[in-house]
Amino acid sequence: FTSLRECKMQDFGSLILEELDKANQLDSLKFAQRHEVDEQKIVGAIKSLESLGDVIQTKIYQVKSWQLTAEGKEVAANGSHEYRVYSAVPDSGIQQSKLMSSCGAFGKVGFSKAMSAGWIKIDKSQGAPVVMKLVESASDTVGEHMVLIQKGESEKVDAKLKGEYKKRKLLEEVVDKHYTINKGTNFRTKIEKAPTELTADMIASGTWKTTSLKPYNLDALGVETGGGCLHPLLKVRAEYRQIFLEMGFSEMRTNNFVESSFWNFDALFQPQQHPARDAHDTFFISDPATSDRFPKDYLERVKKVHSVGGFDSQGYGYDWKIEEASKNLLRTHTTAVSARMLYRAAQAPQFVPQKLFSIDRVFRNETLDATHLAEFHQIEGVVADYGITLGHCIGVINTFFTKLGIEKLRFKPAYNPYTEPSMEIFSYHEGLGKWVEIGNSGMFRPEMLLPMGLPEGVNCIGFGLSLERPTMIKYKIDNIRDLVGHKVNLEMVKRNPICRIDKSGTGEERRLQVLNRRWANIESKLSCIQKQMEVMGISTATAHGMAADSSDGNLMDVVIKVHPDKPPYSLQLLLNVLKKRFKVAASTHTHSSVKSAGSLVLSSDESRITADVKITLIYSNVTRPTMIVKNAQIQGEENIVRYLARILDSRGGGNLYESLDSKVVAQIDNILDRLTDASKHSVSTLIPGILTKSKYLAGNRVTIADILAYSLCKQAAVSNSSIKDWSKRVEDAIAKM
Amino acid sequence: MPTISVKRDILHDALGRTYTEQEFDELCFEFGLELDEVVTEKNDDGKEEIVYKIEIGANRYDLLCVEGLARALLVFQNKMKIPKYELSKPGKMERLEVDPSVLQVRPHVVGAVLRNVTFTKERYDSFIELQDKLHQNLARKRTLASVGTHDLDTIKGPFRYMARPPADIKFVPLNQTKELSSAELMDLYSTDSHLKPYLPIIRDSPVYPVIYDSNNVVLSLPPIINGEHSKITLKTRNVFIECTCTDLTKGKIVLDTLVTMFSQYSDTPFVIEPVETVSQGETSIYPSLKYRTETIRAEKCNNLVGVNQGPKEIAKLLSKMCLESKVNADDSISVTIPPTRHDVIHPCDIYEDVAIAYGYNNITKLTPGTLTVAQQLPINKLTDQLREAVAQSGFTEALTFSLCSRDDVAAKMRKKIEDIPAVHIGNPKTLEFQVARTALLPGLLKTVQANRNMPLPLKIFEISDVVLKDGGTEVGARNERHLSALFYNKTSGFEIIHGLLDRIMQLLEVPRSEKKSSSGYYLETSED
């Protein structure tokens, strides 16, 4: 085995198997020592044998041992620092500074050690300190110990001393892993290496028929594909572009970043003193500073409608200046291009209906932050035709966003100088649980369209949004600089998924959405069945009980969704009161989005058909308790309590909330706000604080403030004595109502 | 858009009931306002109060104070009748005389008197706040108009509005104890964060505008500061309002808004005493409080909004928006636009109010009926096709800014800025926005710089617009679509970029010209 050191891993493997065959058990450390090879190579061979499938069995054991550090090795070679310092002192003594400079790096440590060992002393009687030998000879124990340990005879050195050497950083304790090897159930001495790949040679020679291939490692990742990738924002741009094209919108020519104020503002009936025209908000161009080639007649009409009005308008009543209109700027919106397109359409001999879109860069000289840059992409859609109405505007926007997978939309009145009516577009963001603004829209003002020469009766709708914002939301990017600009991480660009724009959220969120949709489907089917039953005369909802409001049909039919971690104990209290006054049907269900129901179960003996009040409690994966009543949603336990209390107060003489004195109501609202704002006030400190002043939270009678607080305490399992007493009082008072 | 701060409890008082935050948010949304934020603020007594921050449309000056906001919301909910604003007929009208000297500086002044007003701390604060909001928004930071309000019982008309050299105007300004000349005043306020921004409006003028009473008491130095002498206090009962302006239309709106809002607190609410302005021999009476009538037709309104409402219903909807309306015999509708609604300048503004009152979210969604055939812009289509092709060739897409510094396009590329046909920005806030880029390469180089930790080689590209100065176009500049690609490795790898070029040419069906003629493409050595 002279050449064993050059052996390959597989050869070690065969060797191990051969020896194992004879000895029945092997030790990796001893095996390595016997063959004078690095144990790591043997370990590699063992691992490789293990992968063959129970040919061998191994057990790991650990051995702690002492090893010299680099400094320790130096001591072993040259003697300890203190000994070297001692040896450097001549019998006649030496000046300390000279000694130190002659000893170099080890001098300082060696000196102090030699001092404490009592080998040397300092004599300061002649001014400069002189070092003298104190003993005639010294034996270098430390150095000897290092040599011993280096030879692997560390057991000969006292354990306490080894601890000290460790502190001196001469020694370190290392833990080595070794293997005990036994025969496995499939033990054999011959191993053939399983080829990993099928090769052309194998096929040609026919050996593939008898060769066993190594199985694929399915837990490892594949090799990266390489190739180039498209930028995420532009992938989203391509999708939006596609949607517009599907809807029959033609693309506008927007490749002109430099625009005149005239087309960017004046043509859009944006007055010259408008704040957007300030240097604060707009990039003005110093070179080329101005434009002057405007259509002359049109310019005059624009001037007139701004300054004195016309086309049924009062105008803005100010002195319109051509100098202001000629200033060049970087366009602040692509609506400047839309204006040019509409003007062009107006010049055609006969007006042709227009459906136009663009997605391109616009520029704002604004304050920059995590979501705003000085340039961004604006998406814009424009429709001009006879008989177009605000209803069409809402319809087109609705279609557009439905294609994006956004279905819950609502519109808020807004102000925009060039549109009237104007609408802000809001969509319900499931993740945030609130309505967020996603775009702007409206009908272009007649003061903009008529001076262009568009025929009377042609209306024009427009809507716009930014490309960056929905992209950031889609890909969950918080800082716009991580998406746009040269600082973007190319790795992000590589890893970014393809843009399936109508599929929002992550894979898991999408699966949850499917579940929710299925659930909503079931709910709507159920309500259809209910309606059919009513038609068949099975329902007797309004025939019974209390003074039913004719507009209501039955008094109340609500679905309340809550998370199982927060059972709405407030409902339990209110339900007790409701049951005494109305026929109440209550039931509790668990949605598949949660594993189990909450601890509270609402139920009643009344059937849904005869009940006036129907409450369905569903444990579901919602962040806030949500009540669905008719088509509306009420969020938050406090608001659900308010709603139920209002009905109780107005129809059942509940006296829990708004039927009380207005000061008390304000007090209740205040407490509800504070209770809800859990970030600032913990219920366990808030409630006892209020209770020191009165019997109940809002004075001397039980109100919904107590009901909500009761529920929150129970959810948080708060129980100190004052809360316990008060909870009991609340339960008793409710029972008496 | 302006945001106003309103104390919740005061708002609830004014609205006659309490609202939960969510209920109020809903009401705002429907009306076109946005409850932006709810905060807790300490008042002067150290008590915590809940304050609503409400975003108001930039054209609704009548909603910039709690008085107007509550009034509009109450009318919207049919809980209040639209108030009628009237001018009183005083025995002797207060007069503002305009001296010709002021015509060059700040030519107009309008005025009004609120009689027998009862102020409280809250009302007073709201009054000041509204003036500030009007100054900031409508009056464009006092450049177009500015208001001074005075305790009328401390001054005596007629009032003279004139311009005098700065050194000649001496008075004790508001909240000061010492008399100062207006020049000294400019020094004093040059460090005042609130007033400093307004100083440039008149600072360099040889004469400053000033208003005196008949005893030569200085009322104000518009648009900077009022005098201490006529300062309003909580005890003030009669308020003299003057509004000086460079834009008379705006001045009138400011005055109308102030008096319609705060005449609410007069003993006879909504009655305002007029003041006459005499300028160059002509007498005008303010506030104008003009009620204008527009006649609209239901069909036109329906055709714009996309609803089907009869004239009566439309009139009813408009009354919710403070636009008193009545149906005429011919079914047309006469709409009265009150002096609070200066934003209504066209029938389309009236139609919008119909739509708001009807509820945007109640309008039926429609689809435009005309068939249109979509056209892609050829250059954008080609761009997208090329982006795909270049990415398939192994290059990753970068997206860089179209604005950059002068050095980015010039010095860093070893060129002189004078030689580059760049479009220059006149008012850049930082170096990053000095010019529009004339090439894509600097952006790609910066991308490499930011991605030095990536494994080599880096292959990136961008297809986007650059901007070049071009006297032949309407605005003097044009965009040009460029493709730029960059290979970054330890060796230069020219053949890689060359290969990409060949591939692109192959895709574009441009042949390689062996003879270096114009019928194909070829490469040539050049110095750059």
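By cavity I mean a set of points, on a 1 Å grid over the protein atoms alone, where a 1.4 Å probe fits but cannot get out. The grid points are joined across faces, edges and corners, and a volume is the space filled by probe spheres set on the points.

A note on conventions: this is a predicted model, where local features need pLDDT of at least 70, side-chain atom pairs count only at pLDDT 80 or more, and totals for chains, interfaces and linings use all residues. Residues are numbered from 1 along each chain as its sequence is written, chains are lettered from A and ligands numbered from 1 in the order in which they are written, and side-chain values use heavy atoms, with hydrogens and water left out.

**Entry 1: the largest cavity**

I looked up its volume and found about 240 Å³. At least two lining residues each come from helix 11 (232-246) and strand 11 (354-363) of chain A, and from helix 10 (378-392) and strand 24 (458-469) of chain B. Helices here are DSSP runs (H or I, at least four residues), as are strands (E, at least two), numbered from the N terminus. I sorted the lining into six nonpolar, five polar and nine charged residues. Ala, Val, Leu, Ile, Met, Phe, Trp, Tyr, Cys and Pro count as nonpolar, Asp, Glu, Lys and Arg as charged, and the others, Gly among them, as polar.

**Entry 2: helix 11 of chain A against helix 10 of chain B**

Two of the elements lining that cavity also cross. I read their axes as coming within 12 Å and crossing at roughly 135°; axes are lines fitted to C-alpha atoms, for helices over the stretch in contact, with angles from 0 to 180 degrees between N-to-C directions. That makes helix 11 of chain A oblique to helix 10 of chain B (under 35 degrees is roughly parallel, over 145 roughly antiparallel, 65 to 115 roughly perpendicular, the rest oblique). In contact (heavy atoms within 4.5 Å) I found L234(A), K235(A), R237(A), A238(A) and R241(A) with N380(B), K381(B), D384(B) and R387(B). These divide into two nonpolar, one polar and six charged.

**Entry 3: the second largest cavity**

I noted a volume of about 160 Å³. Of its 18 lining residues, A414(A), N59(B), R60(B), E352(B) and I356(B) are the closest to its centre.

Methods. On a 1 Å grid over the protein atoms alone, a cavity is a set of points where a 1.4 Å probe fits but cannot get out, and a pocket is an open set with protein on both sides within 12 Å along at least five of seven lines; lining residues have an atom within 4 Å of a point.
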